[in-house]
Amino acid sequence: MGVVKPVAATVSDPPPSPSPNADSARGPTVAVLVPTTGSVAVVASLEEKPHLGRSTVTGVGDFRAFPIEKDYHRLVDGPLRALGGSAHHTHLTLTARVEDGRSWELPILIAHRAVQHGARLVADVATADLVIFATGSVDGALNPIGHAEFLTQKITNAAPLLATMKPGARALLILGPPAAATDLATLEAAAHSIPGSLTATLSRFDELDHLLSERIGAPPAPPSPPVPGRVLWGLGIAVAVILVAGAIGFGVSTLLSKDPVPRGNPFDMMAIEQLHAPDRDACIDAQMAGYGLATQRLVRHADGFHVPASPTTCALRFVNTGTEPIEISLDNGFAGSVIRGDTPIGRPLRLINGTSYELVFRRAPLGRESVVTVAAPGRVGRLPITFAAGE
Amino acid sequence: MRLAAPLVLALALLGASLPAMAQTDTLNAILNPSAASEVPGDPSREAFPVTDEPISAIRIITGRPLPGDSCREALFEARPLLRTRWEADAGGSLTLPLSDLCLIEFRNDASDRAIEVRIGEDLAALAISADQRLFRGLVLVPNQTTAIPIRPLAVGELKVSVDVLWASPGAPGGVQNFVLTLAGS
């Protein structure tokens, strides 16, 4: 459940007044910050570009796409459109480069929805009525997900920009779940230095839309044009044509291809194996010498994966059993119990189909639990991995 | 607010979780950009500058146990490691003694470009665990590191090819290569 916490303003405060020189019929000016570990980008513009072959992301005045273009296209043409976003491809312009990662997804989603709510996006923070700082990723249903990474660094990077806010402007500092206590403390420490700011942790898309309705205004209802009799005739003919074309298309697609878009539970694409030994010393001996370890595939239950306390778990092996890459990530439940090296704890690790990754434990995290997130194209699933308590 | 906010915000952040030195550097950078440029990270004083050659961006960092420790203790008891940084030359060879080698890291020291690193499969035999993309081509964004815990196998001398290329659009193309030689005792 999301939490909206007023810091120096109340949630019931009215939306910020538009700038004196703004077109008041079009709502307030909003600057959306896209913080990265290296810098802070601001959304400069969002333009519908029906002639483009795909949605794209570039810098201001540039034509070269940023590396996140492919995922941005998927976001815009997938879940955003399904939830009432633009019917056209979109050109997103940012003031600074965003290279990688997924923490741009939440602020970019917010920028899209802010426009739907009537906001006018501005790149100059000093002219904005509302400044939004957000970091995090979203799932296939546009629900905010993912632990905020490098939050302190991102806020530090954003500090000079936030300092240019005009008097009376408001700031919204937003995180997705799960927000660690230290992250919340960091967020609120930053918010306390910005008069009129709010912090929010959001776990669902509708909470985000509700928040934007409060701070910017309600989105316009979709137009419902009158339907005169002549139009009804035309509509009937169009429906008939679509039905015939759809039937033909269905037959052709059935003949020519299997379903190109995978459906179902993303956990169907991943298996978790327990690598075990009689005791911890035997685990370490095997890891250091490269011996094979006894392996047992964990059964997936409705409430997650259960790892027995005995025999001793040396490692968990995550195997991509599907036909396309997936991303796995773990929350901090097992932090401190694994050896040095790249791990999916706190950051997604991409697992190419046919490969596996071993999470090697210094000592088995008995009695602890960690939620594993599996992301496949268009689908995200989460389940806990629970270690039984030792004796 | 225009004048006071950066200071207040930065001071507020002192209570957060950054290590003390990182906080100091960050605070300096915010409050006094000219002073911040005098820290050792000043590009003009950088000993190993990053150029348009992708290989100039990659750093190889080795981790060895403290005197009296072993890799077993360093890795499985979370003991500190003695770290050493190495640079490579295009077409060259970098020889690292395999004895007491607990960890190898590859780090992208470029400030504004991603690099792609592809390591020879030979290293997989020594890796206790690794991101498998490293053997197919792993993109490291600026300052990102990939770390490989190493098991002490008696493999004699192992030569591992390392390919490096820029992964950011607009960066100079071309693959550069060096050989990482892991020499047994």
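So, how many residues does the contact take from chain A, and how many from chain B? Before I answer, keep in mind that what you're looking at is a predicted model. The answer is 42 residues from chain A and 40 residues from chain B.

Let's stay on the chain A side for a moment. As for what kind of residues they are, the side of chain A that touches chain B has 22 nonpolar, twelve polar and eight charged.

Chain A has an open sheet of six strands, and if you walk across it the order is β14-β15-β21-β20-β17-β18, with mixed pairing. The edges are β14 (300-301) and β18 (349-351) of chain A, each pairing on one side only. So what does β18(A) pair with, and in which sense? Its partner is β17 of chain A, residues 326-330, and the two run antiparallel over three bridges.

Now over to chain B. Here we have five strands in an open sheet, again with mixed pairing, in the order β3-β9-β8-β5-β6. On the edges sit β3 (93-97) and β6 (138-140) of chain B, and each of those pairs on one side only. From one strand to the next, the twist averages 25°. Strand β5 of chain B, residues 115-119, pairs with β6(B) in the antiparallel sense, over three bridges. Within that pair, look for Val117(B), with Leu138(B) of β6(B) opposite.

Last stop, a helix: α2 of chain A, residues 105-116. Those twelve residues reach 17 Å from the first C-alpha to the last, close to the 16 Å expected at 1.5 Å a residue. Is α2(A) largely enclosed or largely open? Largely enclosed, because eleven of its twelve residues are buried. The buried ones include Leu106(A), Ile108(A), Leu109(A) and Ile110(A), and also Glu105(A), His112(A) and Arg113(A).

Key
Residues are numbered from 1 along each chain as its sequence is written. Chains are lettered from A and ligands numbered from 1 in the order in which they are written. This is a predicted model: local features need pLDDT of at least 70, side-chain atom pairs count only at pLDDT 80 or more; totals for chains, interfaces and linings use all residues. Two strands pair if DSSP finds at least two bridges between them. Helices (H or I, at least four residues) and strands (E, at least two) are DSSP runs, numbered from the N terminus. Axes are lines fitted to C-alpha atoms, for helices over the stretch in contact, and angles run from 0 to 180 degrees between N-to-C directions. The expected span of a helix is 1.5 Å times one less than its number of residues. A residue is buried if 20 or more other C-beta atoms lie within 10 Å of its own, exposed if 12 or fewer, and partly exposed in between; C-beta atoms are placed from the backbone. Two residues are in contact if their C-beta atoms, placed from the backbone, lie within 7 Å. Ala, Val, Leu, Ile, Met, Phe, Trp, Tyr, Cys and Pro count as nonpolar, Asp, Glu, Lys and Arg as charged, and the others, Gly among them, as polar.
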